[in-house]
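Hi,

Here is the structure I promised to pass on.

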Amino acid sequence: MALEIRPNCENCGKPVAAGSAKVYICSFERTYCANCAENKLNMRCAGCGGALVQRPVRSRALLAKYPAANRNGHKPQKAKKIKP
Ligand SMILES: [Zn+2]
Ligand SMILES: [Zn+2]
């Protein structure tokens, strides 16, 4: 099974670029931005406590073939209702 390239930081919800090397994951593929991993979490996963490692970068060609996940680790944002 391919590594799931998640689109958002699990901690702050900030989008992380699929092609960015400054993205960290734990063994359960929880994904964190560099700021959270390095400064807030001290390179430990907030979920399982495991070590965070740099996520391998998936090349553009491979991303076309195996697209990044569009599933968000966070709860899906509810669409804002526009009041009449
Ligand atoms: Zn973050
Ligand atoms: Zn974890």
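**What I found**

Isoleucine 25 stands opposite valine 53 in E3. Strand E1 (residues 23–25) and E3 pair in the antiparallel sense over two bridges; pairing here takes at least two DSSP bridges between two strands.

A word on the source: this is a predicted model, in which local features need pLDDT of at least 70 and side-chain atom pairs count only at pLDDT 80 or more, while totals for chains, interfaces and linings use all residues. Residues are numbered from 1 along each chain as its sequence is written, and chains are lettered from A and ligands numbered from 1 in the order in which they are written.

The protein has two helices and three strands, running β-β-α-β-α from the N terminus. Both kinds of element are DSSP runs numbered from the N terminus (helices: H or I, at least four residues; strands: E, at least two). The strands form an open antiparallel sheet in the order E2-E1-E3. Strand E2 (31–33) and strand E3 (53–54) are at the edges with a single partner strand each, so one side of each has no neighbour in the sheet.

Now the core: the largest nonpolar one has 12 residues, among them Val23, Tyr24 and Ile25. Such a core is a set of buried Ala, Val, Leu, Ile, Met, Phe, Trp, Tyr and Cys residues joined through C-beta atoms within 7 Å, where buried means 20 or more other C-beta atoms within 10 Å of the residue's own, with C-beta atoms placed from the backbone. E1 gives the most to this core, with three residues.

Best wishes
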